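I am opening a notebook page on a structure that is new to me. I will write down each thing I look up, in order.

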Amino acid sequence: MASILIAVTSAPETAGGRQALTLADSLVAQGHRLTVCCLQDAALLGSSRIPGEARVVLDRLLDRGGRCLVLLDDLALRGLEAGARAVTVDRAGLIAALTADHDRVVGAF
């Protein structure tokens with residue numbers, strides 16, 4: 001299956017954030033290798049304060065082999081800490097993730 005990165009910029013409780021999570025959940029269920037890259041307000045998704053429904057979807061995604069990347073700067077700007085299962089990246093790590101050998105890059109919601 002394909003390796004897909006989804007860049008998400010919307011908070012999980014917004015329409016765009018919910019749409020991104022629904023897409024991510026569907027892609028992982030189909031067997032794709034998925035990385036969700038949380039930027040701007042989506043940093044909440046990769047934080048320790050992720051809302052309940054989004055946490056359920058993210059946990060399911062991670063349990064199926066997906067990854068959650070969150071930009072450290074975006075966490076800090078919002079006074080958030082990374083969630084236990086999120087991988088934090090700096091700007092160089094973000095560029096590396098966005099330019100990695102994915103079959104597709106989708107975003108931003």
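Which residue in β2 is the bridge partner of Ile6? I looked it up, and the partner is Val36. I note that the model is a predicted one.

I then checked how the two strands run. β1 and β2 are parallel, and six bridges join them. I also checked cover along β2: five of its six residues are buried, so the strand is mostly covered.

Next I looked up the largest nonpolar core. It has 28 residues. Those that touch the most other members are Ile6, Leu34, Val36, Cys38, Leu45, Leu58 and Leu61. I listed the elements that each supply at least two residues of this core: β1 (3-8), α1 (15-29), β2 (33-38), α2 (52-63) and β3 (67-71). There is a second, separate core of nine residues, and I found Leu5, Cys37, Leu94 and Ala97 among them.

I took Leu61 for a closer look. Leaving out residues up to four places away in sequence, I found that Leu61 touches Ala24, Val28, Leu34, Val36, Gly66 and Arg67.

I placed Val105 in strand β5, residues 104-107.

Conventions:
Residues are numbered from 1 along each chain as its sequence is written. This is a predicted model: local features need pLDDT of at least 70, side-chain atom pairs count only at pLDDT 80 or more; totals for chains, interfaces and linings use all residues. Side-chain values use heavy atoms; hydrogens and water are left out. Helices (H or I, at least four residues) and strands (E, at least two) are DSSP runs, numbered from the N terminus. A nonpolar core is a set of buried Ala, Val, Leu, Ile, Met, Phe, Trp, Tyr and Cys residues joined through side-chain atoms within 4.5 Å. Buried means under 20% relative accessible area, exposed over 50%, partly exposed in between (1.4 Å probe, protein chains only). Contact means heavy atoms within 4.5 Å. Two strands pair if DSSP finds at least two bridges between them.
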